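Let's take a walk through this protein together.

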Amino acid sequence: MGTYTSCVLCLRVDFDPSVRHVVVQPFLLKAWVQGKVRKHIPDYPLLTREGPLVVDVRPSRRLETPEVAFTFAWTRQAVQDRGWGYQVLSEPEPALSENVRLLAGYRLDWLFPADLLDAADGAVADGMPREALGAVGGFAPELVG
């Protein structure tokens, strides 16, 4: 799993309102497949509004390799047999990744003074935050524009 892809997935999940919990301790999935015990550790077990969702992350170039395709096929079946959802994700669209990474930075409260956030919150109205923030006085332009 690519670290960049995995990190962006974590950020995306953090912004997804349907995700209630990310399990940081993956689990070992074992299943009897084609006469053998198969094992796989999925990348991200999530708890969503719809129920458990198991996510595997691989670069798109590896998805068609026979070993990966086989593993993900039996994993999907085993997970869905339990009534859980299963997804395989690869590299996200570059624009989406960059937007999520940018927005994630705004969650770092040490970057923005609390009084600025309070003033901006009071100024934002009618879906026009850029214009409303320009009306927030008393702060450096680079913080509000």
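What follows goes from the overall fold to the sheet, then to a pocket and a few single residues.

A word on ground rules: this is a predicted model, so local features need pLDDT of at least 70 and side-chain atom pairs count only at pLDDT 80 or more, while totals for chains, interfaces and linings use all residues. Residues are numbered from 1 along each chain as its sequence is written, and side-chain values use heavy atoms, with hydrogens and water left out.

Start with the big picture. The protein has 6 helices and 6 strands, where helices (H or I, at least four residues) and strands (E, at least two) are DSSP runs numbered from the N terminus. Read along the sequence, they come in the pattern α-β-β-β-β-β-α-β-α-α-α-α. Of the 145 residues, 32% are buried; buried means under 20% relative accessible area, exposed over 50%, and partly exposed in between, using a 1.4 Å probe and protein chains only. Take the contacts (heavy atoms within 4.5 Å) with a separation of 6 or more: 56% of them are between residues 24 or more positions apart.

Now find the sheet. Strands of a sheet pair through backbone hydrogen bonds, either parallel or antiparallel. Here, 4 strands form an open sheet in the order 1-4-5-6, with mixed pairing; two strands count as paired if DSSP finds at least two bridges between them. Strand 1 (19–22) and strand 6 are the edges, each pairing on one side only. On average, neighbouring strands in this sheet are turned by 30° against each other, direction ignored. Strand 4 and strand 5 (residues 51–57) run antiparallel, joined by 5 bridges, and Leu 46 stands opposite Leu 53 in strand 5. Helix 2 (residues 66–81) packs on the sheet, touching strand 5 and strand 6, and its direction makes about 155° with that of strand 6. For such angles, axes are lines fitted to C-alpha atoms (for helices over the stretch in contact), and the angles run from 0 to 180 degrees between N-to-C directions.

Helix 2 is also where you'll find Thr 75. Thr 75 has a relative accessible area of 0%, so it counts as buried. Beyond its neighbours within four places in sequence, Thr 75 is in contact with Leu 29, His 40, Asp 56 and Tyr 86.

Over in strand 6 sits Leu 89, partly exposed with a relative accessible area of 21%. The C-alpha atoms of Leu 89 and Val 57 are separated by 4.9 Å, although the two residues are 32 apart along the chain.

Next, look for the second largest pocket, with about 190 Å³ of space. A pocket is an open set of points on a 1 Å grid over the protein atoms alone, where a 1.4 Å probe fits, with protein on both sides within 12 Å along at least five of seven lines; lining residues have an atom within 4 Å of a point. The volume is the space filled by probe spheres set on the points, which are joined across faces, edges and corners. This pocket has 12 lining residues, and Val 13, Asp 16, Val 19, Leu 53 and Gln 87 lie nearest its centre. Helix 1 gives the largest share of the lining, 3 residues.

Finally, which loop holds Gln 34? Gln 34 is in the one between strand 2 (29–33) and strand 3 (36–40). Its phi is near 50°, a positive value in a residue other than glycine, and at 65% relative accessibility Gln 34 counts as exposed.
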